[in-house]
Amino acid sequence: MWEQIRANRRRSILLITIMAVVLALMGYTAGENIVGPGGGVIGLLVGLVIWAVQMMVYLTSAESILLNHAYAQELKREDSPRLFNVVDEMRLASGLEFMPRIYLVDDPAPNAFAVGRNPETTAIAVTSGLVHRLNRDELQGVIAHETAHLKNRDAQFMTLAAVMLGSIVILAEIVRRWTWYGGRGRSRSNSRGGDGGQAQAIILLLGLVFAILGPLMAQLLYFACSRKREFLADACGSQYTRYPEGLASALEKISQAASTSSFASKATAPLFIVNPLYAGGDEPDSVFSSHPSTAQRIRVLRSMAGASLADYEEAYRRAMGGGLIGRGSLGSAPQQSIRAPSNEGPIETRHDAQNIIHRAHGYLPVQCSCGLKFSVPEGYEEDHIRCVRCGNLLPVPAAVPPPETAAAAPPVITRAQPPLQYKRQGHGWESFRCQCGRTIQVSPGFVAPYIYCNNCGREIQVT
Amino acid sequence: MPIVVLLFVLVIIVGGIMLWIAGAYNRLVRLRNQLDNAWAQIDVQLKRRHDLIPNLVETVKGYAKHERGTLEAVIQARNLAVSAKTVAERAQAENVLTGALKSLFAVAEAYPDLKANQNFMALQEELTSTENKVAFSRQFYNDNAMTYNTQIEVFPMNFIASMFSFGRRDFFEVKAEAEREAPKVSF
């Protein structure tokens with residue numbers, strides 16, 4: 001929606017400016033309190049340097065920070081073609097310019113989030129719990145919601161805010177500690193100059209105010225914006241899928257899941273589809289909450305008569321009493337009818353979802369003759385491993401030096417190590433270990449006679 | 001003196017109108033380009049569907065030699081779809097192809113070996129997903145076509161539209177009857 005995109009751009013610029021002002025003020029007051037009168041300028045400069053560093057960090061690696069914070073694994077198309085197809089479908093329905101990268105998080109609690117600084121660097125992450133518990137319509141609803149966040153540039157603003165918020169919290173902590181311990185020493189020397197005493201007291205007070213209230217106000221600002229956004233993303237998502245019941249039933253299933261996510265924190269919580277810090281997203285609905293109540297969202301979605309923005313607006317007015325979408329966007333949204341549900345089940349089983357994670361982490365799958373299949377972690381150094389069920393000693397699939405040929409040519413002294421050999425056992429996905437310890441995978445479509453190890457660069461002949 | 005003031009005011013008014021015309025023209029151009037882009041997307045997905053079909057037919061032939069009728073129907077429908085030209089013709093041909101594919105998948109239900117074949121399962125997923133993608137890109141195109149058509153027909157803009165020849169765009173329709181028909185399987 002054009003208004004939302006423009007509003008987010010305005011808010012991003014506003015946030016960057018406010019951050020600069022707040023950091024400058026915090027620096028100034030901290031400087032006055034810690035270094036003494038006249039030290040405020042130094043503090044101000046330090047504050048601005050911190051702001052510049054923050055902006056640099058944001059511009060270069062904002063998503064990587066947030067994705068690593070959640071232990072997310074990037075997926076390739078072959079890892080889960082069905083997940084890629086679902087995201088691709090939503091890309092077409094929403095008219096996104098670029099296909100977002102897809103990440104999987106190993107967590108049984110179903111949840112999803114979207115990050116991205118600009119259209120080229122967007123990413124969507126889903127948990128393994130989401131992928132095996134929701135059927136295709138429900139998953140499509142969740143992905144549509146995340147795609148709406150990307151299309152409306154919410155993810156852009158939230159990524160910026162998450163990075164800024166994290167650093168304000170840290171800085172406020174530092175300032176508070178310094179002001180508390182440093183201020184007492186200063187006040188003795190300041191009481192000698194009677195004139196400056198009053199100004200000093202005010203600055204001391206301001207410093208404390210910033211240190212204590214700063215993070216609180218930042219959080220309020222952050223959460224206040226994001227509640228309305230969740231409803232708007234629900235509205236746009238329904239328009240893309242033409243099937244609001246999909247998202248409604250997905251939210252219902254997610255709210256019934258009884259676990260919280262260990263990798264989310266207060267700074268990143270608003271990015272998720274339901275609040276990950278509360279089981280099933282069931283947080284008390286207050287001015288501090290980052291998401292609107294899931295029950296309300298489900299109610300609005302289920303009372304929609306059609307699938308357009310106008311239908312969502314009508315359902316929202318009936319359930320919540322106020323208006324949501326601006327007239328500009330509503331005017332051009334025609335009446336759109338809801339489509340029939342597809343009856344496809346979940347796109348991955350729990351086992352397959354785990355396998356994708358293991359493959360991404362470089363685990364080696366090994367099968368014993370007693371029927372047990374298990375995974376050997378990367379870095380395991382022995383050649384053999386015992387089956388945990390029957391005690392059988394199994395070889396770890398590895399690339400080995402080729403057998404010596406009978407007629408040995410006169411040894412040529414070369415720098416490069418001789419190539420290794422690996423014999424394929426079938427036509428499917430296979431993983432084996434290089435001599436340096438790195439796990440290498442070959443896909444069913446791999447037909448070349450050799451492959452190079454990513455880690456040590458050794459050539460391995462694949463036969 | 002008053003003549004100068006009058007001329008000045010006139011220049012400003014004319015300037016204002018020119019600016020508005022430029023703005024409106026730009027908006028229409030942007031909408032039309034977005035629409036062309038959406039059409040190109042549909043093209044990409046349709047072409048992908050056409051490219052997947054020979055592979056599917058070969059896979060099925062290996063397991064279900066007796067189903068010549070269904071296979072031939074699919075191949076014919078595909079060739080028709082590839083050679084269609086106008087929007088209406090293409091929409092019609094694609095609907096026929098969708099019907100033929102539905103019959104083929106229904107027939108494949110009777111061959112458990114075929115259903116378990118990895119290749120066939122991957123192709124089935126790809127085709128289902130491509131159908132969905134065609135549907136979604138068509139949806140996006142139709143939504144934008146609606147916005148565009150409305151824009152060139154509302155009161156102030158219709159002058160500009162006719163001045164610079166912005167034409168109305170057809171919708172990519174689905175014939176509901178053909179799609180909703182359940183395929184008949186005969187043994």
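Modeller: Strand E12 of chain A and strand E13 (residues 459-462) of chain A run antiparallel and are joined by 3 bridges. Strands (E, at least two residues) and helices (H or I, at least four) are DSSP runs numbered from the N terminus, and two strands pair if DSSP finds at least two bridges between them. This is a predicted model, in which local features need pLDDT of at least 70 and side-chain atom pairs count only at pLDDT 80 or more, while totals for chains, interfaces and linings use all residues. Residues are numbered from 1 along each chain as its sequence is written, with chains lettered from A and ligands numbered from 1 in the order in which they are written.

Within this pair, Ile451(A) has Ile460(A) in E13(A) as its bridge partner. The two strands belong to an open sheet of 3 strands in chain A, with the order E9-E13-E12 and mixed pairing. Strand E9 (420-422) and strand E12 (450-452) of chain A are the edge strands, each pairing on one side only. From one strand to the next the twist averages 30 degrees; axes here are lines fitted to C-alpha atoms, for helices over the stretch in contact, and angles run from 0 to 180 degrees between N-to-C directions. Strands of a sheet pair through backbone hydrogen bonds, either parallel or antiparallel.

Chain A has another antiparallel pair: strand E10 (residues 430-433) and strand E11 (residues 439-442) are joined by 4 bridges. Phe432(A) stands opposite Ile440(A) in E11(A). E10(A) and E11(A) form a hairpin with 5 residues between them, and Gly437(A) in the turn has a positive phi of about 105 degrees.

Next come the cores. In the largest nonpolar core, of 83 residues, the members that touch the most others are Tyr103(A), Ala112(A), Ile124(A), Ala125(A) and Val142(A). Helix H6 (residues 154-190) of chain A gives this core its largest share, 8 residues. Another core lies apart from it and has 14 residues, including Ile53(B) and Leu101(B). A nonpolar core is a set of buried Ala, Val, Leu, Ile, Met, Phe, Trp, Tyr and Cys residues joined through C-beta atoms within 7 Å. A residue is buried if 20 or more other C-beta atoms lie within 10 Å of its own, exposed if 12 or fewer and partly exposed in between, with C-beta atoms placed from the backbone.

Chain B has 7 helices and 0 strands. Its radius of gyration, taken over C-alpha atoms, is 25 Å, whereas a compact globule of 187 residues would have one near 16 Å; the globule rule is 2.2 Å times the number of residues to the power 0.38. The C-alpha atoms of chain B fill a box of roughly 95 × 30 × 25 Å along the principal axes. Of its 187 residues, 24% count as buried.

One residue of chain B shows a link across the sequence. Ile160(B) is in helix H6 (residues 155-163) of chain B. Ile160(B) is partly exposed because 19 other C-beta atoms lie within 10 Å. Not counting residues up to four places away in sequence, Ile160(B) touches Ile21(B), Ala24(B), Tyr25(B) and Leu28(B); contact requires C-beta atoms, placed from the backbone, within 7 Å. Ile160(B) and Ile21(B) are 139 residues apart along the chain, yet their C-alpha atoms are separated by 7.3 Å.

Conventions. Two residues are in contact if their C-beta atoms, placed from the backbone, lie within 7 Å.
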